[in-house]
Each structure stands twice: as structure tokens, then as C-alpha cells.
Amino acid sequence: MTDSFDPVAYNRDAWDREVENSNEWTKPVGPEVIARARAGDWSVVLIGYEPVPRDWFPAELAGADVLCLASGGGQQGPVLSAAGAAVTVLDNSPRQLDRDREVAAREGLSIHTVLGDMRDLSAFPDAGFDVVFNPVSNVFSPDLAPVWRESFRVLRPGGILMVGFMNPDVFLFDIPALEEREELIVRHRLPFSSLDLPDAERQSTYGTGPIEYSHSLTSQLGGQLAAGFTLTHFAEAPHHADATAQYMPSYFATRATKP
């Protein structure tokens with residue numbers, strides 16, 4: 001990679017390609033999911049396939065201003081909108097935002113979509129949201145401190161930040177061995193980025209997929225605390241699609257509030 005490499009632009013194109021390749025996180029929810037959400041039977045995920053506990057959300061979701069942060073794909077945003085929230089979706093991928101607009105048009109939902117980097121929420125005013133909902137996506141961001149500062153800024157006092165993220169320990173392992181033979185072979189020093197790999201190896205391992213960054217728990221948990229948040233809940237889950245699930249939780253989720 002050259003010094004002029006722009007990871008945000010690269011990952012924008014990469015996630016547009018993921019839409020073309022029908023990545024599971026780019027497939028919009030169907031009409032039956034929206035119908036159930038309108039009837040009060042709804043759930044969304046932060047980590048893997050684990051529904052977020054309902055008590056992590058405000059007691060009354062109807063009318064709440066929710067920012068789905070780096071959460072395009074026509075999944076969480078439309079469900080929360082159908083459940084009564086006023087939803088804004090920010091994502092780095094135009095094609096992912098198209099998914100949200102597709103569901104909104106199909107179902108008569110009002111969803112505001114914004115193209116942007118999750119580290120820069122300057123499109124939004126201070127204290128404009130009651131909830132920031134951020135499923136596993138900060139693995140694609142080079143740094144996290146701006147994400148936490150901006151999330152804190154745009155939340156109202158008492159507002160809720162919900163975040164899903166990768167257990168950084170999963171990045172220790174050699175990926176071909178893990179995916180092809182289900183062997184956990186320690187190879188990488190942490191923190192790790194797929195940019196650390198030689199170009200040819202990165203392409204053979206990740207293909208045209210997005211650049212990934214492991215982030216320490218200090219950056220994840222300590223970063224939220226340093227931004228001013230109070231952590232209230234923590235959850236973990238096995239990865240839904242690889243061999244690490246036999247040995248360790250690969251996903252973490254946090255709920256925090258702005259005092």
C-alpha cells in the first residue's frame with residue numbers, strides 16, 4: 001500500500017462489492033419482519049445472531065431518535081423504524097444505504113440515510129439522538145477514539161450507546177488454517193490489521209473484502225469510558241460462522257449511557 005492509501009475509500013468500494021456478492025449482512029429484511037415489528041414483535045442484532053435484550057432499549061421506543069451507526073444493509077434500521085423509532089442510518093457504503101432505502105420505499109417507512117465515515121458525525125447536531133446503535137462494524141475503522149467522542153456528542157443526556165465488536169483475540173490466528181482446516185494456529189501480533197499482510201497474501205486471504213483492524217479492549221471499553229460514557233451492560237457470543245466458536249466468544253457487546 002502507498003502512503004496515499006485511503007482506507008475509508010477502499011472499504012466503501014469493498015462494501016459495495018459485498019452487496020453485489022450478497023454478503024449476509026447486505027440482505028434486506030422481508031415484509032414479514034416489518035409486519036411483526038409494526039405489531040410490536042421485533043428484535044435486532046448487535047453480535048452474530050443474538051437478539052439485543054429489549055431492556056437495553058428505551059422503555060418507549062416509539063418516537064425515539066435513533067442513529068444506526070455504520071449499520072446499512074436494510075436490516076436494523078427498517079426494523080427499528082417499523083417499531084416506531086425515528087431512524088437515521090449512517091454508512092460508508094452507498095449500496096448498503098440503498099438497501100435501507102429499498103425497504104423504506106417497499107414498506108412505507110421514513111428512514112433518513114447519510115453517507116459517511118463513522119468517525120465523523122459532523123452532519124448531525126449536538127444532542128440530537130436518544131440512541132446510537134452500532135452493530136459489529138468498527139472492525140473496519142482505523143481508530144476508535146473519534147467514534148466514541150462523536151457518539152457522545154450527538155447523544156442527549158441519558159442517551160444510550162449500543163455497540164457490537166470483535167474480540168481482538170480472534171485476530172491472533174492464521175486465517176487460512178482457521179477457515180480451511182478449523183485449526184487455531186497463533187500467528188499474528190496484536191493489534192493486527194489486514195494491511196499488515198503482504199499484498200499477495202492479503203488478496204488471497206481477504207480477496208476484495210474490506211480492510212479489517214483489531215482493536216484492543218482498552219480502545220473499545222476504555223475508549224468509551226474516556227469519552228464520558230457509563231457502561232451499564234456487557235454481553236458476549238460465539239462467532240456464528242467459524243471454528244473459534246468451539247473455544248471462545250468472538251463477539252462482545254456493550255451498552256453505555258451518556259450521563
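Helix axes in this report are lines fitted to C-alpha atoms, over the stretch in contact for helices, and angles run from 0 to 180 degrees between N-to-C directions. Helices (H or I, at least four residues) and strands (E, at least two) are DSSP runs, numbered from the N terminus. The model is predicted: local features need pLDDT of at least 70, side-chain atom pairs count only at pLDDT 80 or more, and totals for chains, interfaces and linings use all residues. Residues are numbered from 1 along each chain as its sequence is written, and side-chain values use heavy atoms, with hydrogens and water left out.

**Helix packing**

| Helix pair | Angle | Axis separation |
|---|---|---|
| H5 (residues 145-154) and H8 (residues 217-227) | about 40° | 9 Å |
| H2 (residues 31-38) and H4 | about 65° | 11 Å |

Angles under 35 degrees count as roughly parallel, over 145 as roughly antiparallel, 65 to 115 as roughly perpendicular and the rest as oblique. H5 and H8 are therefore oblique to each other, and H2 and H4 are therefore roughly perpendicular to each other. A crossing is left-handed if the near helix is turned anticlockwise from the far one by less than a right angle, and right-handed if clockwise. The crossing of H5 and H8 is right-handed, and so is the crossing of H2 and H4.

Contact means heavy atoms within 4.5 Å. From H5, Trp-148, Arg-149 and Phe-152 meet Ser-219, Gln-220, Gly-223, Gln-224 and Ala-227 of H8. From H2, Pro-31, Ile-34 and Arg-38 meet Val-103, Arg-106 and Glu-107 of H4.

**Parallel strands**

Two strands pair if DSSP finds at least two bridges between them. Strand E3 (residues 65-69) runs parallel to E4, joined by 5 bridges. Within this pairing, Asp-65 has Ala-86 as its bridge partner in E4, and Val-66 has Val-87. E3 also pairs with strand E6 (residues 129-134) in the parallel sense, over 3 bridges; the partner of Cys-68 in E6 is Phe-133.

Buried means under 20% relative accessible area, exposed over 50%, and partly exposed in between (1.4 Å probe, protein chains only). In E3, 4 of the 5 residues are buried, so this strand is largely enclosed by the rest of the structure. Strand E4 (residues 86-91) is mostly covered, with 5 of its 6 residues buried.

A crossover is right-handed if, with the strands pointing away from the viewer, the path from the first strand over the helix to the second runs clockwise. E3, helix H3 (residues 76-82) and E4 form a right-handed β-α-β unit. From E4 the chain then crosses through helix H4 (residues 94-107) to E5, in a β-α-β crossover that is right-handed. E4 pairs with strand E5 (residues 111-115) in the parallel sense over 5 bridges, and Leu-90 has Val-114 as its bridge partner in E5.

**Ala-235**

Ala-235 lies in strand E8 (residues 230-237). Its relative accessible area is 26%, so Ala-235 is partly exposed. Leaving out residues up to four places away in sequence, Ala-235 touches Ile-47, Trp-56, Tyr-251, Phe-252 and Ala-253. Ala-9 is 226 residues from Ala-235 in sequence, and the two are 32 Å apart in space, C-alpha to C-alpha.
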